[in-house]
Amino acid sequence: MERKWWQNAVIYQIYPRSFQDSNGDGIGDLQGIIQRLPYLGRLGIDAIWLSPVYKSPQVDNGYDISDYQDIDPMFGSIDDMQQLIDEAKKYNIHIIMDLVLNHSSNKHKWFEEARKSKDNPYHDYYVWRDGKEGVLPNDMHAAFGGSAWEWVPEVGQYYFHQFAPEQPDLNWENPKVRRAIYDMILWWMDRGVGGFRLDVIDQIAKEPDRKITQNGPRLHEFIREMSRETFQKGNLITVGEAWGATPELAKLYSNPDGSEFSMVFQFEHIGLDQQEGKEKWDLSPLPFLKLKQVFSRWQTSLYNCGWNSLFWNNHDLPRIVSRWGNDGKYRVQSAKMLAMLLHGMQGTPYIYQGEELGMTNVRYRIEDYRDLETLDVYRERLEAGYDKAEIMKSIYAKSRDNARTPMQWDDTKNAGFSTGIPWIRVNDNYSEINAASQVDDPDSVFACYQKLISLRKEYPVFIEGQFRLLLEEDANIFAYERVSESQQLTVVCNFFDKIVPVRDICEDKDKKLLLCNYKEVEENAILRPYEARIYLK
Ligand code: TEU
Ligand code: CA
């Protein structure tokens, strides 16, 4: 298999506004990230996925872009951005920019022109429908609540927005829009970025008259054109966010011929702990056997014909140690187990800021939440008569702000994140959970991630080995093997807080223990709470 650099790589996602503040305004920024490059170099990651830092009114924390080729002053300047790209290279770290191409901000000059009149040259950069005020084109809903249609009296039309009204959908049917986007991507490539993450990319070929949002008929045509016109001119990593992806579609998205992307983020595992056909707020216990089946299907489906991304967390998701691990007595063991389980699989692993420390969810008063999606659901469900305690239970479990509390650097004020007042409250547990207390501790969660990153570089079987699920029906253990011509990995994880028997998997004397999340293996025949082991043969 001709290997690409990103197949050996481990990617670290930074949510800039919560990572490191360098000028005391309580908001993380680019100079703060530059200050923390030595920490990221020590962790051993190969690239940073940077959530948006472009000019933006910040309605959706930067996922509403008003200038794709300039940096919002709250994060710094375009010179700071270039400095980060150049400085990161000294640590062999590529910078991956987050491209939000499904929609722009309503403050983008394109939209400000487009809304002036129907014959404005930018009008068809967006998706408009004639209508009468109060008579919606159809009953489509937006992801952040309310109708997907917004009335503009000046033109006597509605525009389409899959997200907030301040995030009007771009019209990809218009070749001028596509050309402007490709020129912008090439501009970033010329500045030396190492790749792109493409926000909700499977929603760009929308057809609202047929109520199509994901996987529209022209989607792969648009993606292939964009790839030809831009990505294929460089040696980039490209990862598309595709909530509607299936393994079959992922074979197109991550075709080794490079015709579309390197890989996609698919979310089948992420949706498992919500009630069927409902929203993420409608909680349901994790079906563990199904989790194993989902991972196994994605691993086997893409083997030798595509490529997986591997992730538990991102800036939209609750923190995995609270979600499917144990953020109390077994926080360290379960955080390590989840890391070992994921990093032993085939694909490119993504570490979300703070995941490498075992950072946890929060339980704030509603006044302390900042995310519009959280505040929308609180208001909507209160108005709909839901019990307030039930609403807060959903918010504690699934609010995106769980991932957006400031990075916990040390046990000084504001966890060393800012000398000012942080834009969002720091998690109260920062004095126990922080980088300073872990970077020199060989038994820390941080050290476990460092080890996993180095093992991936040392043993080719992590990259090449064929995945096979073991103990498929075991209700407590997630075990699999990875087999290449010369090596074999066996990964065995107890997913729960109790002692469980493990049959002969660990008995094989030819297997060398590469990593365990307890100080040592006492008894081969059992796994302690959240115990995980990686063997090499
Ligand atoms: O997220 C896409 C998306 O669908 C998520 O908003 C998801 O539906 C939600 O988080 C589940 O609770 C991307 C970005 O990652 C997200 O931060 C943006 O808000 C969204 O697109 C709009 O750009
Ligand atoms: Ca700042």
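**Cysteines**

I began with Cys448, which is buried at a relative accessible area of 7%. For burial I used these cut-offs: buried is under 20% relative accessible area, exposed is over 50%, and partly exposed is in between, with a 1.4 Å probe and protein chains only. The model is predicted, so local features need pLDDT of at least 70 and side-chain atom pairs count only at pLDDT 80 or more, while totals for chains, interfaces and linings use all residues. Residues are numbered from 1 along each chain as its sequence is written, chains are lettered from A and ligands numbered from 1 in the order in which they are written, and side-chain values use heavy atoms, with hydrogens and water left out.

Which cysteine sulfur is closest to that of Cys448? I found it in Cys516, at 9.7 Å, which is too far for a bond. I then looked up Cys493, which is buried at 0% relative accessibility. The closest cysteine sulfur to that of Cys493 is again in Cys516, 10 Å away and too far for a bond. A disulfide is a covalent bond between the sulfur atoms of two cysteines. I counted a pair of cysteine sulfur atoms as a disulfide when they were within 2.5 Å. My search of the whole structure gave zero disulfides.

**Calcium ion, ligand 2**

Which residues coordinate the calcium ion? I noted Asp21, Asp25 and Asp29 through OD, Asn23 through OD1, and Ile27 through O, at 2.2 to 2.4 Å. Donors here are N, O and S atoms within 2.8 Å of the metal, or 3.2 Å for Na, K and Ca; water is not among the atoms, so sites may look incomplete. I wrote the sequence spacing of the donor residues as D-x1-N-x1-D-x1-I-x1-D.

Is Asn23 buried or exposed? Asn23 is exposed, with a relative accessible area of 51%. Asp29, another donor to this ion, is buried at 3% relative accessibility.

**Ligand 1**

I counted 17 residues around ligand 1, and the closest are Asp60, Lys280, Asp316, Glu373 and Arg400. A residue is near a molecule or strand if one of its heavy atoms lies within 4 Å of it. The shell divides into nine charged, five nonpolar and three polar residues. In this sorting Asp, Glu, Lys and Arg count as charged, Ala, Val, Leu, Ile, Met, Phe, Trp, Tyr, Cys and Pro as nonpolar, and the others, Gly among them, as polar.

I next listed side-chain distances to oxygen atoms of ligand 1. For Asp60, a polar side-chain atom lies 2.5 Å from such an oxygen. For His315, a side-chain N or O atom is 2.9 Å from an oxygen atom of ligand 1. For Arg400, a polar side-chain atom is 2.9 Å from an oxygen atom of the ligand. Taken alone, ligand 1 exposes 490 Å², and the protein buries 92% of that. Those areas come from the Shrake-Rupley method with a 1.4 Å probe; for residues, only the protein chains shown count as cover.

**Loop residues**

Helices (H or I, at least four residues) and strands (E, at least two) are DSSP runs, numbered from the N terminus. I placed Asp282 in the loop between strand 11 (263-265) and helix 8 (288-301). Asp282 is buried at 11% relative accessibility. What distance separates the side chains of Asp282 and Arg381 in their polar contact? I noted 3.0 Å. A polar contact is a pair of N or O atoms within 3.5 Å; within protein, one must be able to donate a hydrogen and the other to accept it, and residues adjacent in sequence count only if both atoms are side-chain atoms.

Pro208 is buried at 3%, whereas Lys211 is partly exposed at 45%. Lys211 has a positive phi near 55°, though the residue is not a glycine.

I also recorded a positive phi of about 65° at Gln58, again not a glycine. Gln58 sits in the loop between strand 3 (54-55) and strand 4 (67-71) and is buried at 15% relative accessibility.

**Strand 15**

My last entry is Tyr480, in strand 15 (residues 477-483). Tyr480 is buried at 0% relative accessibility. The C-alpha atoms of Tyr480 and Val491 are separated by 5.4 Å, with the two residues eleven apart along the chain.
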